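User: I am new to this structure and would like to learn how to read its features one at a time. Could you show it to me and then take me through them?

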Amino acid sequence: MGTTQSGILGGRLPLGEYESNFADLHPPLDKHEALVASDRCYFCHDAPCMAACPTSIDIPLFIRQISTGNPIGSAKTIFDQNILGGMCARVCPTETLCEQACVRNTAEERPVEIGRLQRYATDVAMRENKQFYTRAETSGRKVAVVGAGPAGLAAAHRLAVKGHDVVVYDARPKSGGLNEYGIAAYKSVDDFAQKEVDYVLSIGGIEVRNGQALGRDFTLADLSEQYDAVFLGLGLAGVNALRLEGENAAGVDDAVDFIAALRQSKTKADIPVGRRVVVLGGGMTAIDAAVQAKLLGAEEVTICYRRGKEHMNASEFEQDLAASKGVTIRHWLQPKRIAEKDGKVAGIELEYTTLEEGKLTATGETGIIAADQIFKAIGQSFLGAGLGALQLEGGRIVADAEGRTSIDNVWAGGDCVLGGEDLTVSAVAMGRDAAESINRVFAAAAPRATAVA
Amino acid sequence: MADLRNNFVGIKSPNPFWLASAPPTDKAYNVERAFKAGWGGVVWKTLGEEGPPVVNVNGPRYGAIWGADRRLLGLNNIELITDRDLYVNLREMKQVKMNWPDRALIASIMVPCEEEAWKAILPLVEETGADGIELNFGCPHGMSERGMGAAVGQVPEYIEMVVRWCKQYTRMPVITKLTPNITDIRKPARAAKAGGTDAVSLINTINSIVSVDLDNFAPNPAVGGKGTHGGYCGPAVKPIALNMVAEIARDPETYGLPISGIGGITTWRDAAEFLALGAGNVQVCTAAMTYGFKIVQEMISGLSDWMDAKGHRNLDDITGRAVPNVTDWQYLNLNYIAKAKIDQDACIKCGRCHIACEDTSHQAITQFVNGVRHFEVMEDECVGCNLCVNVCPVENCITMEELPAGTLDQRTGKPVDPNYANWTTHPNNPMARQAAE
C-alpha cells in the first residue's frame with residue numbers, strides 16, 4: 001500500500017508500481033519493427049534530416065543499413081559522427097531536429113522514427129560490444145579533458161583515436177555528466193549511461209579521474225602546464241536562485257538535484273516527494289522533475305511558467321508527455337513569495353504576468369497554490385572557478401567554431417560555451433570538433449619526418 | 001451493375017476469377033471453401049496417370065522474396081502434381097461439381113507423352129462432369145525431368161501432338177497451359193492452335209532460385225542442405241505474364257484464340273489489365289496462398305465497381321481492348337515529345353528525382369534554385385524518359401506532359417512536328433523506307 005499523506009515522503013506507491021512507472025519511455029524496437037520502420041525511409045538525396053542533426057549523422061545510410069540486415073554497419077555509420085549515438089537516440093528532442101526535417105512530414109505528417117532506429121542499431125552493436133575504432137600510433141601528446149559529460153567524452157574518444165593520451169577530470173563520483181545525473185530516469189534505463197561510458201572508454205588511452213573538481217583540486221593553469229592541450233567541457237554546474245521570501249524553507253529544492261537523486265536510486269521508492277508539488281520553470285528540467293514527481297506518487301503536480309506555452313523551452317512532445325502523466329501546466333504565472341509553516345513549505349504565492357510591448361510585466365493580481373514541495377527549474381548557471389584569465393562573456397566561455405578559447409592550447413565545448421545549445425547532441429558535436437581542431441594543431445606543429453636515403 | 005458472368009470457350013462461371021491448378025485446388029475440402037468464398041471456378045490440381053502417385057519432398061517446398069513490411073512479392077515452389085490417388089481426386093471432383101453446378105471445374109492433366117496414356121485418362125475425367133481440361137505443359141521442376149510438364153511445353157511439336165490426341169479422345173474443351181521458360185511464347189501457342197486447342201492459359205511458373213542462404217551457401221528453399229530451381233510466381237511475375245499474353249493476343253497466327261490469363265494477379269486491377277490485353281478470364285494462385293480465399297471478394301467488387309464507373313457492361317466490353325495499342329518499338333511515334341513536370345505543392349523535397357537524373361540520366365533536374373532546395377525540371381535537358389516519375393515516392397507529383405504540336409522543344413530547339421513519324425522512315429535508319437501512301 002502507498003500513502004497520500006501530506007509532507008515530503010518516500011514510498012508513496014506500492015513497490016511494484018515504481019518499476020512500471022519508470023520503465024523505458026520509448027521501448028526499443030525489435031528487429032521486425034525496425035525493418036518496418038526503416039522501410040519508410042526514402043533515402044533522400046542530401047537529406048534534410050542529416051542537415052538537421054548537430055552531429056551530421058548520415059541518417060539515410062544508417063537506416064538503409066538497418067533495412068538490409070546490417071545493424072552493425074549502421075551503428076558504425078552513427079558512431080563515426082557521434083560516439084554517444086546510443087544516448088542521443090534516447091534523449092535527443094528528435095521532434096525538433098531530424099524527425100522534424102523528415103520529408104515524410106510533408107507527405108503524411110508522420111516522420112521516419114529516426115531516433116528509435118538509431119537506438120536499435122547502436123543497441124545491437126553495444127550489446128555485442130562491437131568496437132569499430134583502433135588507436136592511431138601513439139603521438140606522445142597528452143591532453144587534459146575537464147568534465148566527463150557528453151562534450152568531454154566525445155572529445156576524449158576522438159583524441160584517443162588520433163593517438164593522443166587523454167586524462168579526463170570530473171568532479172562527480174561517476175562519469176557521464178548530464179547523461180548520468182541530468183536525464184529523467186525513464187529515458188535512460190538499465191544503467192545505460194555507465195554502459196555507454198565504458199563503451200566509449202574501451203578505445204583505450206583515456207584515464208578518468210573522478211572526484212577531481214576544477215578550482216578546488218587543480219586550476220586551468222596547472223593543466224596548461226602539464227598537458228599539450230586542454231579541453232573544457234564543464235557544463236553548467238550551478239543553479240539559478242529565486243531570490244524570494246521563503247526560499248530557504250524546507251521543501252524548496254533544486255530540480256536538478258531531484259533528477260540526479262532519482263537516477264542514482266535503484267528502487268525510486270526511497271526518493272521522497274511531496275503530496276502537492278509545484279515546479280517553477282518551462283524547460284526540459286521542469287518537465288523531467290514534474291513528470292517524475294507524478295510518477296513517484298505526488299497527488300498534484302503543477303508546472304508554473306512565467307510566459308506562454310509558445311515560449312516554453314520544453315518541446316511540444318515533452319509538454320504532451322507531462323499532460324499525459326497528469327501534470328498541470330499553467331502559464332503566465334511568476335513566483336512572488338513562498339509561504340511557510342513551521343519552517344516548511346506550505347504553498348506558493350504567484351503573480352499573473354503579461355507581455356507589454358514585448359516586456360514581461362506583472363499584472364498585480366496574485367493567487368496561492370498550496371504545496372508541500374517546490375522545485376526550482378529556472379535555469380542553470382556556469383561556475384567558473386579556477387579558470388584564471390580565460391575570457392568569459394555573459395557568464396559563459398568564449399570559443400570560436402572549432403572550440404578555441406582566448407588561451408592558446410585551451411579548447412571548450414558544450415553548455416559551458418557561449419552559444420551552447422543545452423543539447424546532448426550539440427555538446428557531442430562540439431567536443432568532437434574541438435578534438436579535431438586540437439589534432440590539427442598538433443599535426444601542424446609536429447616535426448616533419450625526415451627522409452632517410 | 002456490371003455483368004461479370006464469364007463464358008470461356010463455353011465454360012460458364014459467375015465471374016472470371018478462377019483458382020489456378022495448384023495446392024489450393026488439390027482436394028474437395030479446399031475447393032468447397034473456395035466456392036463458398038465466391039471463386040467462379042477452379043482448375044483442379046494436376047492429375048497424373050493411374051498407379052502409385054508422385055511423392056513430394058518432406059522439407060520446405062516454398063521460397064519467397066519480400067518487399068516493405070514483408071509483403072510477399074514473389075513465391076517459388078518445388079511441389080509436384082497431386083500426390084493423391086487418381087480415383088480419390090476423380091471422386092471428389094465429381095461430388096464437388098454436383099454440389100456447385102454453376103461453378104467452373106476444370107481438370108488439369110499431366111501424363112506421359114504417349115497417346116495411350118492420354119487416351120486412358122480422358123474418359124475417367126470426362127465421367128466426373130468436369131467442364132473442361134487443362135493440359136499442364138508448364139510445370140518446370142521434377143515432372144519436366146521425367147519428360148512431362150515443361151519438357152513438353154518447350155517443344156511445339158509435342159504440344160501439337162498431345163493437343164490433337166486430347167481433341168480426338170474427349171468432347172471436353174481443351175485449354176493448353178504454356179510455360180514461360182521458352183524464348184518465344186508465340187511458338188507453343190501456335191502449335192497448340194494447330195493441334196486444335198480451344199484456348200491457351202499462361203503463364204505457368206518461371207524457373208527460379210529465390211535466394212541463397214549465405215550461412216550455408218545453399219539455395220532456398222533447401223532440403224537437407226541442397227536446393228533446386230523452383231517455379232516462380234506472385235506479383236513479381238505479372239509484367240512478364242502480361243507481355244506474353246499480349247504477344248499471343250496480337251500475333252496474327254493466334255489472333256482470337258481464347259486466353260486464360262495467369263501470373264501474379266493479386267487485385268481486381270491486375271485482373272482488368274490481363275483482360276484488357278486479351279485474356280477471356282484469369283486464374284489466381286499466389287494471392288490466395290498469401291491471403292486466403294476471401295481476396296476474391298475484393299477482386300469481384302473492384303472489377304465490378306470500375307466497370308460501372310467506366311460504363312463497361314460486361315467482360316466482352318473490356319477483353320482485348322488494349323491489344324490494338326500494343327505495337328513494336330519501330331512503330332512508336334518519334335515526334336511525340338513529353339517533358340517531366342514537378343508539382344511543387346506535392347513535392348516533399350526528398351531529392352530522389354534529382355539524384356536519379358543527375359547520377360544516372362540526363363542532368364535535367366535542379367537541386368537548388370537561388371540557393372534554396374528546389375527540384376525543377378530543366379526542359380532544355382529533359383528527354384522525357386520518365387525515370388523521375390518512377391522513382392518519386394509521391395504519386396502524381398511528377399507527371400509527363402505532352403508538348404503540343406508547334407511548341408518549341410527547348411532541348412532540340414525545334415518546334416514539335418505534328419506528323420506521326422517512326423523509325424521505319426527515320427533518316428538515321430539505314431533500312432528506312434518511304435512511308436506507305
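**A first look at the backbone**

Analyst: Val9(B) sits in the loop between strand E1 (6-8) and strand E2 (11-13) of chain B, where helices (H or I, at least four residues) and strands (E, at least two) are DSSP runs numbered from the N terminus. This is a predicted model, in which local features need pLDDT of at least 70 and side-chain atom pairs count only at pLDDT 80 or more, while totals for chains, interfaces and linings use all residues. Residues are numbered from 1 along each chain as its sequence is written, and chains are lettered from A and ligands numbered from 1 in the order in which they are written.

User: What is the phi of Val9(B), and which residues does a cis peptide bond join?

Analyst: As a general idea, most residues other than glycine have a negative phi, and most peptide bonds are trans. Val9(B), although not a glycine, has a positive phi of about 40 degrees. A cis peptide bond joins Leu202(B) to Ile203(B), with omega at about 10 degrees, and Ile203(B) lies in the loop between strand E10 (199-202) and strand E11 (206-208) of chain B. Asn220(B) and Pro221(B) are also joined by a cis peptide bond, with an omega of about -5 degrees, and Pro221(B) belongs to the loop between strand E13 (218-220) and strand E14 (230-233) of chain B.

User: At what angle do helix H14 and helix H15 of chain A pack?

Analyst: Two packed helices are described by the angle between their axes and the distance between the axes. Axes are lines fitted to C-alpha atoms, for helices over the stretch in contact, with angles running from 0 to 180 degrees between N-to-C directions. Helix H14 (residues 255-264) and helix H15 (residues 284-295) of chain A pack at about 55 degrees, and their axes are 9 Å apart. H14(A) and H15(A) are therefore oblique to each other (under 35 degrees counts as roughly parallel, over 145 as roughly antiparallel, 65 to 115 as roughly perpendicular and the rest as oblique). Their crossing is left-handed, a term used if the near helix is turned anticlockwise from the far one by less than a right angle, clockwise being right-handed. On the side of H14(A), the contact (C-beta atoms, placed from the backbone, within 7 Å) includes Phe258(A), Ile259(A) and Leu262(A), while H15(A) contributes residues including Asp288(A) and Gln292(A).

User: And how do H2(A) and helix H4 of chain A cross?

Analyst: The axes of H2(A) and helix H4 (residues 59-67) of chain A come within 8 Å and cross at roughly 135 degrees, and that makes H2(A) oblique to H4(A). The crossing of H2(A) and H4(A) is again of the left-handed kind. Here Ala34(A), Leu35(A), Ser38(A) and Asp39(A) of H2(A) meet Ile63(A), Ile66(A) and Ser67(A) of H4(A).

User: In what order do the strands E1, E2, E3, E4 and E17 of chain A form a sheet?

Analyst: Strands are taken to pair if DSSP finds at least two bridges between them. In chain A, 5 strands form an open sheet in the order E3-E2-E1-E4-E17, with parallel pairing. Strand E3 (206-210) and strand E17 (410-412) of chain A stand at the edges with a single partner strand each, so one side of each has no neighbour in the sheet. On average, neighbouring strands of this sheet are turned by 20 degrees against each other, direction ignored. Strand E1 (residues 142-146) and strand E4 (residues 229-232) of chain A run parallel and are joined by 4 bridges, and Val143(A) stands opposite Ala229(A) in E4(A).

User: Which are the edge strands of the sheet that holds E6 and E9 of chain A?

Analyst: That open sheet of 5 strands in chain A has the order E6-E13-E7-E8-E9 and parallel pairing. Its edge strands are strand E6 (252-254) and strand E9 (328-330) of chain A, each pairing on one side only, and the twist from one strand to the next averages 25 degrees. Val277(A) stands opposite Gln373(A) in E13(A). H14(A) packs on this sheet, touching E6, E7 and E13 of chain A, and its direction makes about 70 degrees with that of E6(A).

User: How many residues of chain A are in contact with chain B?

Analyst: 10 residues of chain A are in contact with 12 residues of chain B. Helix H2 (31-39) and helix H8 (104-108) of chain A each supply at least two residues of the side of chain A that touches chain B.

Technical notes: Contact = placed C-beta atoms within 7 Å.
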